[in-house]
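Dear colleague,

I am handing over the structure below, together with some notes on what turned up in it. Please look through it first and then read on.

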Amino acid sequence: MACMTYISGMSSVNMRLRLARTEKGLSQQELADAVQATRQTIGLIENGKYNPTLNLCLRIARALDKTLDDLFWKEVDDE
Amino acid sequence: MSRTPVPLDERNIDSIRKVCTVMYGLTMVLLALTVFYRQFALGQATGEFEDIAVILTSNVIVGLGALLYFGGVALPRFGPRALAAAYLAFVIVGFGFTVFKYTVLLDQPMSAGALWSSFLTVATICALFTGFYVLAAYLGVRRIEKQAR
């Protein structure tokens with residue numbers, strides 16, 4: 001239950017991405033290598049400081065076995 | 001990531017493009033200031049900075065044309081009235097600057113004949129520029145619409 005609360009609290013894009021990456025057991029560098037990006041770019045996306053292109057979003061979603069909606073869909077409240 | 005010795009991803013490339021754009025704009029402004037400084041502060045003859053002026057002019061002309069072509073700005077869709085207004089604005093600014101340059105900055109009063117002659121020159125050059133930009137924009141839009149189909 002505590003876990004569910006923790007997860008539902010992480011609704012923003014950056015937190016969902018970080019959570020999906022750690023669930024998959026990947027470091028930022030490993031994810032960056034998998035999606036042909038730099039570690040800094042992954043860090044910036046996770047911190048909400050960089051808007052990736054659709055191509056990079058797709059590569060990240062595929063690498064983490066998630067859909068675009070799972071990772072990048074924004075509810076009005078998130079924006 | 002690109003296959004370069006330095007690993008670059010889309011963010012790096014985007015940042016590089018932004019910096020290059022700003023630096024290019026700054027270079028053009030500084031070149032223009034250099035031309036003005038040489039002409040009006042140092043009083044140099046036109047021939048002494050013609051090379052800079054040619055680089056500056058060709059870059060601005062080709063640069064704006066390339067922006068319209070590759071950017072695919074739908075300039076022709078503004079309609080003939082808007083284009084005529086833009087042309088008129090070009091002529092007024094160009095002619096105004098020419099008169100200001102000779103009468104105020106160079107202190108060479110212009111005769112009626114010289115005024116008419118410079119007006120015709122400015123009007124012709126502006127017509128060529130406007131025509132070139134409209135053509136570049138038209139071809140750019142056509143190219144993008146072709147790709148989008």
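This is a predicted model: local features need pLDDT of at least 70, side-chain atom pairs count only at pLDDT 80 or more; totals for chains, interfaces and linings use all residues.

When the side of chain A that touches chain B is sorted by class, it turns out to hold five nonpolar and five polar residues, with no charged residues.

As for the extent of the interface, 10 residues of chain A are in contact with six residues of chain B. The area buried between chain A and chain B is about 700 Å², and carbon and sulfur atoms give 48% of that area. Of the area that chain A buries against chain B, 55% is supplied by Q36(A), T38(A) and Y50(A), which is more than any other three residues supply. Helix α4 of chain A, residues 39-46, contributes three residues to the side of chain A that touches chain B, and this is the largest share.

One residue of chain B may also be worth a look, namely Q39(B), which has its place in helix α1 of chain B, residues 10-41. Q39(B) counts as buried because its relative accessible area is 13%, and the cut-off for buried is under 20%. If neighbours within four places in sequence are left aside, Q39(B) is in contact with Q44(B), F49(B), K101(B) and L106(B).

With best wishes

Terms used. Residues are numbered from 1 along each chain as its sequence is written. Chains are lettered from A and ligands numbered from 1 in the order in which they are written. Side-chain values use heavy atoms; hydrogens and water are left out. Contact means heavy atoms within 4.5 Å. Buried area is the accessible area (1.4 Å probe) that two parts lose on being put together, summed over both. Helices (H or I, at least four residues) and strands (E, at least two) are DSSP runs, numbered from the N terminus. Ala, Val, Leu, Ile, Met, Phe, Trp, Tyr, Cys and Pro count as nonpolar, Asp, Glu, Lys and Arg as charged, and the others, Gly among them, as polar. Buried means under 20% relative accessible area, exposed over 50%, partly exposed in between (1.4 Å probe, protein chains only).
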